[in-house]
Amino acid sequence: MRIRHAWWWALLVGAHAVAVAAEDNKSPLSSTIEFLLGEDQWQPGDRYRAGNDWLALVCGKADCRFEPAKLAVRREKWQGHYDDQPTSGQKLTLRRQAPGAGTVVAWFKLNPAISWLAAGPVTTYAANTFKKKRPATEGTLELAVDLPGGEQATLVPLLDRPGGKFLLQLRMPGKRQLLDELGSCSHMVSTEYLVWAGDIDHDGKPDYLIDFADDVGEAKLYLGREAGPGEIAGVAAIYVPPPFGGECDGQGWLE
Amino acid sequence: MWGTAAAAAVTIPPVPTYAELPLPDNQQVTATPNGELSWLGQRPVEPAPKGLRQGCWAWELTTDRWNPSTGGTKRTPLEPRLSGFVFSQLPLPTGLLALTKIGCQDGAERWRFLHLPLDGSPALKLETDEAFDPLLYALLKLGDDSAALVTRDVEKRHIKVYTIERVKGRLTLTAMPVLAIPYRGDFAAAVAGQNQLMILGGSNGDYRGCSPCRAETHILDLKTKAWRDGPSMLEARSELAASALPDGSVLVTGGWTKVAEWGSGASRTAERWNPATDKFEALPPMPTGAARHKHFWWDAPWGKTLLVGQGTVGAVHSLDTSNWTWRTVGEWTEGSEEGGCGFFPFVVAGNAYAWLRNRSEGHYSSKSCEQNYASLSLLRPPSIATPLPEPPSDSALVTYRHGAAFLPAAGAAPALVIGGSRHAGMNSFVISSAVEAIDRDGRVTTWPSLRTARQNARAFRVAGGVLVIGGSGPDSPYGGERDPKPLTAEWLPPTATVPWQWQEVGGASLAPDMAVSQLKDGSLLAIDPNGSLQQLRLVSRSGKPTLESTPWPSLNRERHNSPDEHAEMRVRELNDGHVVVAGGKVRSERIALYSERALKPGQPDEYVGIGEFLPWRRYETFDPATRRWANSAPAGAAGGRATVLGDGRVIKAGEVPRTTAEAPIRFVLEVSNPAGTAWTQLARKGSRLQVDDKYSLFQVDDELFASGELEGLGTGGGPSGVEWLNSATGQWELLWQAEKNDNWRKHQGRILRRTLAGADGKSKTVLTPVEGL
C-alpha cells in the first residue's frame with residue numbers, strides 16, 4: 001500500500017496552477033500561464049477570485065476555440081483522510097459565459113501579458129473530443145498527432161518494469177522526450193492522457209496539454225517554444241488537481 | 001429422431017432389497033460356476049423359539065445365494081440348523097471358515113468358529129471364551145485348512161493374532177503373543193511368506209488420516225510364536241491395504257500418507273515387500289488414490305485378476321504383476337468417505353459387471369451399509385485380452401470422471417478417455433491416470449494407466465502412438481490446482497511395442513493452461529498465455545521420446561485458455577492451411593518497454609501485453625504465406641465457447657453486452673464468415689438446448705454437436721442434452737437427453753455412441769462425450 005501526498009506540495013507553495021514559463025520574453029510572474037481542468041473543484045488556499053477573466057478551451061469533433069468563461073468562488077474546508085484538522089480552501093465553479101456547443105477541455109485564466117490568451121479559434125491537431133488516432137505500431141495505448149507539413153508526433157506510454165511505473169514519451173522524427181509518469185496511483189493506463197495538442201501560442205511549434213493525474217499527479221502544458229536542448233517541448237504551466245483523500249492500493253497492471 | 005446405436009440393451013436386475021436378501025457387509029463371497037454368488041448368512045428364527053427371554057433374538061445361519069445376472073436369490077438354512085451371527089468368513093480350498101457369534105438363545109454370548117467342508121461332511125465347530133474385538137477381526141488364509149484371525153484387545157488396542165486350523169477332523173485355536181503396541185483399526189495385515197504374518201502401518205491417533213501414522217511393520221513368526229520388527233515401508237500409511245502376492249512378496253497400496261493427507265485425497269502410491277531383500281520397493285502408483293480399500297483376486301472372463309478397490313474412491317483397479325501395470329477396471333457413480341461395503345462381480349452376455357455397495361455418508365452415527373447405496377459398473381477387460389463376443393450395452397459407456405481428455409476414434413483406432421477426476425466421498429475428488437478405449441462397436445477395454453494422474457490434459461495421436469500433454473494433478477511439483485506446475489508429457493507407443501507402457505517425454509513441457517492443437521502434419525501447435533507459439537514435434541533422442549520445439553510468430557494479442565471460466569481456446573488448421581486461434585480471454589493492451597534504447601530516436605520498441613484478460617471478441621488467423629496473424633472483426637457478444645470449422649468460419653455462444661447491471665443475461669449464437677470480416681447471428685432450427693454459459697459446440701468426425709442443458713430436466717448443472725446438426729437438413733437433432741431430475745454425477749464421463757447420416761449420405765458411427773470436447 002502506498003500513500004500519496006503530492007497535493008501537500010501544492011499547499012506548501014500556495015499555487016495550484018503553477019506557472020513555470022512566460023510569454024514572449026520568458027519573464028516574470030506577470031506573464032504566467034494558469035489553467036485548470038474540471039469545472040467544479042476544491043482547491044486549497046484562498047488565491048482565487050471570482051470574475052469573468054477566464055477562458056474556456058472548447059472543443060468539438062474537429063476543432064477548438066477559446067470562449068469567455070467565469071469563475072465563482074466559495075470558501076470551503078476539506079477534511080483529508082489522514083488530517084486531524086480540515087484544510088481551508090475554495091470551492092471553484094467555472095462556467096462558460098454563454099452556453100454553446102462543444103466540450104470544455106480546460107480553463108485558462110486571462111492574462112493581459114499573454115496575447116494569445118484571447119477568445120477565438122485555437123489551432124488544434126488533437127483533442128480528447130476528437131477521434132483518437134493510433135500510430136502504426138503494436139502499442140494500443142499510443143496516440144498519434146498529425147502535424148502540419150505531414151509530420152506526426154506520437155505519445156508513447158512506456159512500461160518501466162524495474163521502476164514499477166508507466167512513463168509517457170513524446171516522439172517526433174529524430175527526437176524522443178520523456179514527459180512524466182502515467183497511472184501513478186491505479187497503475188493502469190488509458191489513452192485519456194492527451195487533453196489537447198495544437199499551436200496555442202501561434203508560434204508554429206506544436207504544443208501539448210497532457211493530464212498525468214491519476215488521483216495524484218498533475219496536468220502539464222508543454223509549449224514548443226519552451227523546449228530545452230534536445231527537447232520537443234518544455235513545461236509552461238502545471239495544474240495540480242484537488243487533493244486525493246484515498247490511498248493508492250494495489251499494483252494494478254503491474255501485478 | 002435419435003441416431004441409432006447397434007448394441008442391444010442388456011437389462012440387469014437391481015440389487016435385491018434387504019427384505020429379499022441381505023447382502024453381506026465387507027465379507028468374502030464365493031463365486032460359483034453357474035454365476036451365483038454365495039456366502040454364509042443369517043436370519044431370525046421364525047417363529048421365534050419358545051422360552052427366550054424378552055429382548056433376545058434367535059438367529060440361524062443360512063447359505064445365501066444371489067445371481068446378479070438374473071436377480072434370483074435363495075436362502076437355505078444350514079442342516080442341521082446352527083444358531084449364530086456371522087462376523088467374518090473366508091473361503092478355503094477345503095471349505096468355508098467362518099467366525100460367528102452365538103448369543104442369548106444359547107445362554108451366553110460366545111465366539112464360535114465354523115468350518116463348512118466343501119465335500120458336504122458335517123460342519124466343524126469350535127467355541128471359545130477368548131475375547132475378540134467385535135469391531136476388528138480379519139481372517140487371513142494360511143493354508144488349505146488353516147487361517148489366522150487378526151483382532152485387538154478392546155481395552156489396550158494391542159494386536160492379537162490366533163491361528164485356526166482343521167486337524168484330524170477338529171478345529172484348533174492357538175493364541176499367539178500379543179503385539180503390545182496400541183493401534184487404531186487402520187493398519188493392514190498380510191501373510192508374509194511361509195508361517196509369517198506382517199502388520200503394516202496404521203496409527204494410534206484420534207482422527208482418521210496420517211497425523212501421524214506409521215511406516216513401521218511387525219512380523220509374527222507363527223512357528224516360533226515371536227514378534228520381530230520388520231522393515232519400514234517407504235511411506236507411513238494408515239487405512240492402507242496389503243496382501244500376499246503369489247511370489248511371496250507383499251503388495252501395499254494407498255491409504256493416507258504424509259503427502260496424501262486427509263483432505264487432499266488418499267494416496268496413489270504402492271510398494272512391495274521383497275522377501276529376498278527384506279525391504280520395500282516402490283511400485284508404479286495406482287490410477288487413483290484409495291483408502292479403506294481391499295485387494296482381491298477375481299476369476300474374470302479374461303483370466304484371474306488382482307483387483308484393488310471397494311474403498312473411498314468408487315473405482316476398482318487391476319494390477320498385472322508380470323509387468324506391474326495398473327489399469328482401471330470399473331468405476332461407479334460415487335465414492336464414499338466411509339469406504340465400500342461389498343463388491344459383487346458377475347457376467348452377463350459375455351460382459352463383466354459389478355455392483356459396488358457403499359457405506360452411507362454424513363453424520364457419523366448414521367453411516368451404514370445400506371443396499372440402496374449400490375451402483376453398477378461395467379468391468380473393462382484389459383486391451384490385451386481376447387475381445388469379448390458382444391459389446392456391452394451403450395448405457396455402460398461411462399467413466400463418471402470429470403476433466404478427462406477425450407481422443408475421438410480415428411479409423412479403426414478406438415476413442416480414448418484419459419485421466420480426469422472422480423468422486424471419492426463427501427466433497428472429495430481424486431485425480432486419475434485411468435485410460436479406457438472404446439471402439440466404434442461399443443467395446444470397452446482398459447489400457448495401461450498413465451504414469452502421472454492428470455485432469456484437463458490433451459491427447460493426440462502422434463507417431464503411431466498416443467501423446468498426452470498438459471493438465472494438472474497431485475503429482476505436480478506443488479500439487480493440486482493451487483499452483484499447478486507443468487506435468488511431464490507421456491507417450492504410449494504403438495500397441496505392438498514391448499513393454500507397452502507409457503513413456504515420459506523429454507524436451508518441452510507445457511503449462512496446464514496452454515492451448516494445444518494438432519496440425520495436419522502431426523505436429524502440435526501450443527500457445528502460451530503470453531501469446532507466444534511453439535510448434536512441437538515428437539522425435540526420438542537416445543531412444544527417448546522427446547518434444548522438439550520451433551517458435552512461431554506470436555499472436556497479435558495475448559490469449560489465455562480458461563476452461564474453468566467456460567473460455568477454452570480453440571486452435572485449428574483450416575482446409576487451406578491457415579490456422580485459426582479463437583476463444584479464451586484476451587489481453588488487448590500492448591505497451592512498449594522502457595529502456596535505454598527506448599530513449600534513442602529511431603530505435604525499435606519491444607512490446608509486451610498488459611492489463612486484464614477480457615472475454616474474447618476477435619479471433620486471429622495465421623497466413624502461412626506471410627507468416628503473420630490477422631485479427632477478425634469483433635463479434636457482437638463477448639466471450640463464450642467457440643468451434644472452428646474447416647473453412648474458417650467460427651461459431652461462438654457469447655454473452656450479449658448488458659446495458660444495465662439489472663438487465664437479464666442473454667447469450668447469442670454467432671457465426672463469422674470464412675474471411676473473419678463479419679459475424680451474423682446463427683439460427684438454431686430444431687434446437688432445444690439452452691444457449692448459456694454451459695452451452696458447448698464441438699466437432700467429432702467433422703460433425704457439429706452441441707452439449708448443454710434442456711429446460712426443465714433439473715439435473716443440477718451437468719449437461720442434460722446433446723444435439724447434432726444434420727447438415728443435410730440444417731436441423732439440430734437431439735441425440736441424447738438425461739432423465740428428469742437425474743443427478744448430474746450419473747452422466748459425468750458418459751460417452752454416446754450414435755450412428756449418423758453423414759453429409760456424403762453414408763452412415764457413420766460416432767463416439768462423443770456428452771459434455772463435449
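View 1. The area buried between chain A and chain B is about 1,800 Å², and carbon and sulfur atoms give 57% of it. Buried area here is the accessible area (1.4 Å probe) that two parts lose on being put together, summed over both. The size of an interface is often given as the accessible area lost when the parts come together. Three residues, A:Glu138, A:Arg176 and A:Trp253, supply 34% of the area that chain A buries against chain B, more than any other three residues. The contact takes 22 residues from chain A and 21 residues from chain B; contact means heavy atoms within 4.5 Å. This is a predicted model, in which local features need pLDDT of at least 70, side-chain atom pairs count only at pLDDT 80 or more, and totals for chains, interfaces and linings use all residues. Residues are numbered from 1 along each chain as its sequence is written, chains are lettered from A and ligands numbered from 1 in the order in which they are written, and side-chain values use heavy atoms, with hydrogens and water left out.

**View 2. Chain A as a whole.** Chain A has one helix and 16 strands. Helices (H or I, at least four residues) and strands (E, at least two) are DSSP runs, numbered from the N terminus. Of its 255 residues, 51% count as buried. Buried means under 20% relative accessible area, exposed over 50%, and partly exposed in between (1.4 Å probe, protein chains only). Chain A exposes about 11,300 Å², with 51% of that supplied by carbon and sulfur atoms. Accessible areas come from the Shrake-Rupley method with a 1.4 Å probe; for residues, only the protein chains shown count as cover. Among contacts in chain A between residues at least 6 apart in sequence, 57% join residues at least 24 apart.

**View 3. Nonpolar cores.** The largest nonpolar core has 37 residues. Such a core is a set of buried Ala, Val, Leu, Ile, Met, Phe, Trp, Tyr and Cys residues joined through side-chain atoms within 4.5 Å. Those with the most contacts inside it are A:Ile33, A:Phe35, A:Leu57, A:Phe108, A:Trp196 and A:Leu209. Strand β4 (residues 51-59) of chain A gives the largest share of this core, six residues. A second, separate core has 30 residues, including A:Tyr125, A:Phe166, A:Leu170 and A:Leu182.

**View 4. The surroundings of A:Trp196.** Residues up to four places away in sequence are not counted here. Among the residues that A:Trp196 touches are A:Leu57, A:Cys59, A:Cys64, A:Val122, A:Tyr208 and A:Leu209.

**View 5. An open sheet in chain B, β22 to β25.** Four strands run in the order β22-β23-β24-β25, with antiparallel pairing. Two strands pair if DSSP finds at least two bridges between them. β22 (294-300) and β25 (325-331) of chain B stand at the edges, each with a single partner strand, so one side of each is left without a neighbour in the sheet. Strand β24 (residues 315-320) of chain B and β25(B) pair in the antiparallel sense over six bridges. The bridge partner of B:His317 in β25(B) is B:Thr328.

**View 6. Another open sheet in chain B, β29 to β32.** The order is β29-β30-β31-β32, and the pairing is antiparallel. Its edge strands are β29 (405-407) and β32 (444-447) of chain B, each pairing on one side only. Strand β31 (residues 429-438) of chain B joins β32(B) over four antiparallel bridges. B:Ile438 stands opposite B:Val444 in β32(B).

**View 7. Two cis peptide bonds in chain B.** A cis peptide bond joins B:Ser211 and B:Pro212, with omega about -5 degrees. B:Pro212 is in the loop between β15 (196-200) and β16 (217-221) of chain B. The bond from B:Val498 to B:Pro499 is also cis, with omega near -5 degrees. B:Pro499 lies in the loop between β35 (490-492) and β36 (503-504) of chain B.

View 8. B:Asn26 is not a glycine, yet its phi is near 50 degrees. It is found in the segment before β1 (30-31) of chain B. At 30% relative accessibility, B:Asn26 is partly exposed. B:Arg292, also not a glycine, has a positive phi of about 55 degrees. B:Arg292 sits in the loop between β21 (279-283) and β22 of chain B. Its relative accessible area is 28%, so B:Arg292 is partly exposed.
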